[in-house]
Amino acid sequence: MKVLMVCSGGMSSAIVVKSLKQEAEKQGVDLDIKAVGTGEFEEEVKNDYDYALVAPQVKHRFKDYKASADAAGVPCELIPPRGYTPLGAPGLIKQIQAGVK
């Protein structure tokens, strides 16, 4: 699965990406995830992603990101606050798997 995550670019995003990669490896799930800043999402989402995630700290722009993802044919969902922690990785992997068609 190729996943794009839009975030504010803080350290918490790096921790979440690392946790997701570790959890995917543990579960035997093929996961390629890339985190981008708010200004890069619109163009990057066009690059053949299976799923898009929006971090809680940029949820106020969710409608804009969803519109860009919809135009690219990519399912897009908000990361729940609980999922945006290292301990939330198992649930977030399930969310991604359910959202990928």
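Analyst: Before we start, one definition: contact means that heavy atoms lie within 4.5 Å. Please also keep in mind that this is a predicted model.

User: Thanks! What covers the buried residues of H4?

Analyst: The cover includes strand S1, helix H1, strand S3 and strand S4 (76–78). Heavy atoms within 4.5 Å are what counts as contact here.

User: Which are the buried residues of H4, and why are they said to line one face of the helix?

Analyst: They are Ala-89, Leu-92, Ile-93, Gln-95, Ile-96 and Gly-99. Looking down the axis of H4, you find these buried residues within an arc of 160 degrees, so they line one face.

User: What does the face of H4 turned away from its buried side carry?

Analyst: That face carries the exposed residues Lys-94 and Ala-98.

User: Let's move to the strands. How do you know that S1 and S2 pair?

Analyst: At least two bridges are needed for a pair, and S1 and S2 (residues 32–36) have five, running in the parallel sense. The two strands therefore pass the test. Within this pairing, Met-5 stands opposite Ala-35.

User: What about S1 and S3: how many bridges join them?

Analyst: Four bridges join S1 to S3 (residues 51–54), and these strands are parallel too. Against a cut-off of at least two, that also counts as a pair. Here Met-5 stands opposite Leu-53.

User: What makes S1 "largely enclosed"?

Analyst: S1 covers residues 2–6, and four of its five residues are buried, so the rest of the structure largely encloses this strand. S1 also belongs to a right-handed β-α-β unit, together with helix H1 (residues 11–27) and S2.

User: Which residues touch the most other members of the largest nonpolar core?

Analyst: Met-5, Leu-20, Phe-41 and Leu-53 do, in a core of 32 residues. Two or more residues of this core come from each of S1, H1, S2, S3, helix H3 (62–71) and helix H4 (89–99). As an example, Leu-20 touches Leu-31, Ile-33, Ala-89, Leu-92 and Ile-93, leaving out residues up to four places away in sequence.

User: Why is Ala-35 called partly exposed?

Analyst: Its relative accessibility is 38%. Buried needs under 20% and exposed needs over 50%, so Ala-35 falls in between and counts as partly exposed. This residue is found in S2, and beyond its neighbours within four places in sequence, Ala-35 is in contact with Met-5, Cys-7 and Val-17.

User: And why does Glu-44 count as buried?

Analyst: Glu-44 has 16% relative accessibility, which is under the 20% cut-off, so the label is buried. Glu-44 lies in helix H2 (residues 41–44).

User: How do you know that the side chain of Glu-44 makes a polar contact with the side chain of Tyr-49?

Analyst: The distance is 2.7 Å, and the limit for a polar contact is 3.5 Å. The side chain of Lys-34 makes a polar contact with that of Glu-44 as well, at 3.4 Å, which is within the limit too.

User: One more: why does Ser-13 count as buried?

Analyst: Ser-13 has 3% relative accessibility, and buried means under 20%, so Ser-13 counts as buried. This residue lies in helix H1. Apart from neighbours within four places in sequence, Ser-13 is in contact with Met-5, Cys-7, Gln-57 and Tyr-84.

How values were computed. Residues are numbered from 1 along each chain as its sequence is written. This is a predicted model: local features need pLDDT of at least 70, side-chain atom pairs count only at pLDDT 80 or more; totals for chains, interfaces and linings use all residues. Side-chain values use heavy atoms; hydrogens and water are left out. Buried means under 20% relative accessible area, exposed over 50%, partly exposed in between (1.4 Å probe, protein chains only). A crossover is right-handed if, with the strands pointing away from the viewer, the path from the first strand over the helix to the second runs clockwise. A nonpolar core is a set of buried Ala, Val, Leu, Ile, Met, Phe, Trp, Tyr and Cys residues joined through side-chain atoms within 4.5 Å. A polar contact is a pair of N or O atoms within 3.5 Å; within protein, one must be able to donate a hydrogen and the other to accept it, and residues adjacent in sequence count only if both atoms are side-chain atoms. The arc is that of the directions from the helix axis to the C-beta atoms.
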